[in-house]
Amino acid sequence: MALSLRVTSVWSPFVQLSSTASSGFSLSLSQSCSVSKPSFHLKLNTRRKYSYQTRFVIRAARIESKSVTLGFRAPQFQLSEPLTGKVWTLEDFEAHPALLVMFVCNHCPFVIHLKKVIVRLTEFYMKKGLAVVAISSNSVATHPQDGPEYMAEDAKLFGYPFPYLYDESQDVARDFGAVCTPEFYLFKKDGRRPFELVYHGQFDDSRPSNNNIPVTGRDLSLAIDRVLSGQPGTIRAKT
């Protein structure tokens, strides 16, 4: 029976993942953080001024069900890349100090709003050692435009520097606790230790409905900078 996962946050900007599974779950996380200025930045014609703080803070919306906490270990996965046919696993990224996992899809207006800057941001940090993977878990029964053949076209059109993988069963989304697009999970790796979650939050404050806030990737960039620079800092979750 077709089933649509509900977003329960009253102000979440994200689009829900649709499911054809016989059982579902509901989760929404809308997060923002305020820290020191990121090394990745765009040249923008704007007079908007930001106030930067040195403390790393995540403000998370209330959730109804399955959640992830800081320190959560990246789940194993084995998914194909429609563009190349290659099968990727978590082990393929073991040599990297950090891994960014993005749950996205083709049709989501919030993903479309960020796509070009996502490409530029990931290209910038991949040169610094960050591993990146994007995953689409949307049901083709409800959104055929999110099917693998269209994923391959999208990856080629936008020149994704990262693999864009298809989670047909939605098992990987469930393992990560992802139900919305876009969702960003940043993991760090210390030596032989497993990848551990250090950030689960928004890309930045921009939204398709608000042209006054530019797309910069500020929040995600700040988190990546901390991880790649080896800053221990305290990460405080706040509801």
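Reader: What share of the 239 residues in the protein is buried?

Author: Buried residues make up 53% of the 239, where buried means under 20% relative accessible area, exposed over 50%, and partly exposed in between (1.4 Å probe, protein chains only). This is a predicted model: local features need pLDDT of at least 70, side-chain atom pairs count only at pLDDT 80 or more, and totals for chains, interfaces and linings use all residues. Residues are numbered from 1 along each chain as its sequence is written, and side-chain values use heavy atoms, with hydrogens and water left out.

Reader: Why does asparagine 138 count as buried?

Author: Asparagine 138 has 2% relative accessibility, and therefore counts as buried. Its place is in the loop between strand E9 (130-136) and helix H2 (148-158); helices (H or I, at least four residues) and strands (E, at least two) are DSSP runs, numbered from the N terminus.

Reader: What makes the pairing of asparagine 138 with aspartate 146 a polar contact?

Author: Their side chains make this contact at 2.8 Å. A polar contact is a pair of N or O atoms within 3.5 Å; within protein, one must be able to donate a hydrogen and the other to accept it, and residues adjacent in sequence count only if both atoms are side-chain atoms.

Reader: Which residues touch the most other members of the largest nonpolar core?

Author: Among them are Leu100, Phe184 and Leu220, in a core of 32 residues. A nonpolar core is a set of buried Ala, Val, Leu, Ile, Met, Phe, Trp, Tyr and Cys residues joined through side-chain atoms within 4.5 Å. H1 gives the most to this core, with seven residues.
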